[in-house]
Amino acid sequence: FFFIVDCVLCCRSISTLASSKMTSSYTDNSTECAICFEPFDGTETITLTCGHRWHTACVKQQLQSAKPNTSQRLLFSGYRCAKCKAFCDHPDLRDLTRKTDELRERVDALVEEQLKADLPTAWEGARQDRVAKARLLDEGRRNYAFYLCGGCDEPYFGGTVECADEQEGELIASEDRLCQACSPRTQEICQHPFEHGAYHVWKCRYCCNPATFLCYGNVHFCKPCHDRNPNAHAIPCVGGACCTFPKPKGQTTHSNGSSRECEQLYYCAWCESSSSRDAFAQNESTGSRNFIVNPSGEEGTRGWRPILDRWGQSEMWQVENMELRVDQHTQTNFVSSYSWASMMQTVPLHEYVRDPSSVQIEVSAKFMGRSDCPSLFFMQAVVKDSNGRILHRAGTSQLSAPAGFWEKATLTIDPVIGAHEVSMIVYGKDSFRLQGLSLLSPCFV
């Protein structure tokens, strides 16, 4: 086996990397903590990699208070050093910063997607220019607003910062913080809401016109209503045949106004046009519909098979009821043993896409440890041709499973000529034969 470790350099700006990961030569000669303004004498202190010194308890309390939630947009400002604004970094703080570091990387990936859509020419020109790409990413971080979905616990694009800073329009209730794929209104209209998001046509919340703006995470506007915001007012629907836009089931008029009940997905362009396509095979976008059978152990280990060692033996993952929820739907997870547990599932790409050689494949899983006892996890993806010959193999390094929260590991494989199927292989074990079992749920291809 060999492993390919994902490089995150392209997902962060040069300045962010320099400020958060490099050890500074600066010496902080302060005699008191700038958080509580109490002296350092006789109190445990910590010096961050940026060089600034704080009370250990003060920094930990700041990080605990800054944890992202669904009621506000993702800012990450509470994870920065209060003196120089570099992200807090120290080995003793990794358990507090690890989940947010991963979340920031996922937000940066969304920034890239949005830049490609909004500034295609500038993005294409900056692809080979590291400095220009970093500058564009910094611009996107400043201008775009992202939120944490209360359904899938994933970040999603929610408009621009210019709109999000208008407090009159901010939504406070956490149930309003659902990405478009998790919204019940989306699932009523679209067959595959996760992969078809770019093809959704929404109604303006305040009138019947199709929306062209998304603000505050979940509020859709047409241009005239957006220009009037935050003083937008409801324009009543004329109803019946006089209003040609689709009505909610069982209604003759649209509900227009500030309430979230006035949100409506008119149609999904992909689903609407699917009748004119070949229904047997469709090209799938990256990170789209999950092709793994039984991804979280809802049906035991159906679809998975063990990996035999050189003596023909294996330790299979088991299934248990989930204690710490990974999302609002999943009820079970896989659990490893004290020795290496392994299992594999093969996805026949040729059954789902017209040309498997032309698609990018994403293999991912969420994992965590049961307790503070160290546990390990790693994952592999193997692409084979129609004769079973290995064309490409990728894998993570051995990852330390975090205790108390789910972390996501992802492998992205660019198109492989001759690809016919892809196998996902997952391994997990306790480090010290104690109680630090690896938990796994869900798995995605």
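Student: How big is the second largest pocket, by volume?
Tutor: This is a predicted model. In it, the second largest pocket has a volume of about 740 Å³.

Student: Which residues are closest to its centre?
Tutor: Lys-99, Ala-403, Gly-404, Phe-405 and Trp-406 are the closest, out of 36 residues that line this pocket.

Student: And which elements give two or more residues to the lining?
Tutor: Those are α3, residues 94-118, and β16, residues 407-413. The largest share is from α3, with 9 residues.

Student: How does the lining divide into nonpolar, polar and charged?
Tutor: There are 15 nonpolar residues, 6 polar and 15 charged in the lining of the second largest pocket.

Student: Switching to single residues. Where does Ser-364 lie?
Tutor: Ser-364 is in strand β12, which covers residues 361-369.

Student: Buried or exposed?
Tutor: Ser-364 counts as buried, because its relative accessibility is 1% and the cut-off for buried is under 20%.

Student: What does Ser-364 touch, leaving out residues up to four places away in sequence?
Tutor: Its contacts are Met-379, Lys-408, Ala-409, Thr-410, Met-424, Pro-442, Cys-443 and Phe-444.

Student: OK, the whole chain now. How many helices and strands are there?
Tutor: The protein chain has 9 helices and 18 strands.

Student: What share of the residues counts as buried?
Tutor: Of 445 residues, 47% are buried. The accessible surface of the chain is about 22700 Å², and carbon and sulfur atoms account for 51% of that.

Student: What about contacts between residues 24 or more positions apart?
Tutor: They make up 66% of the chain's contacts with a separation of 6 or more.

Student: Last topic, confidence. What is the mean pLDDT?
Tutor: The mean for the protein chain is 82, and 85% of the residues reach 70 or more.

Student: Where is confidence lowest, and where is it highest?
Tutor: Helix α1, residues 14-21, is lowest with a mean of 40, whereas strand β14, residues 390-395, is highest at 94.

Student: Over which residues does pLDDT stay under 50?
Tutor: Residues 168-172 are one such stretch, and the model gives them 14 contacts beyond four places in sequence. Residues 276-281 also stay under 50, with 6 contacts beyond four places in sequence.

Technical notes
Residues numbered from 1 in each chain as written. Predicted model: local features only at pLDDT ≥ 70, side-chain atom pairs only at ≥ 80, totals over all residues. Heavy atoms only, no water. pLDDT = per-residue confidence, 0-100. Helix = DSSP H or I, 4+ residues; strand = E, 2+ residues; numbered from the N terminus. Contact = heavy atoms within 4.5 Å. 1 Å grid on protein atoms, 1.4 Å probe; cavity = no way out; pocket = protein on both sides within 12 Å on 5 of 7 lines; lining within 4 Å. Points joined across faces, edges and corners; volume = space filled by probe spheres on them. Nonpolar A, V, L, I, M, F, W, Y, C, P; charged D, E, K, R; others polar. Buried < 20%, exposed > 50% of the residue type's maximum accessible area, 1.4 Å probe, protein only. Areas by Shrake-Rupley, 256 points an atom, 1.4 Å probe, with all protein chains shown as cover.
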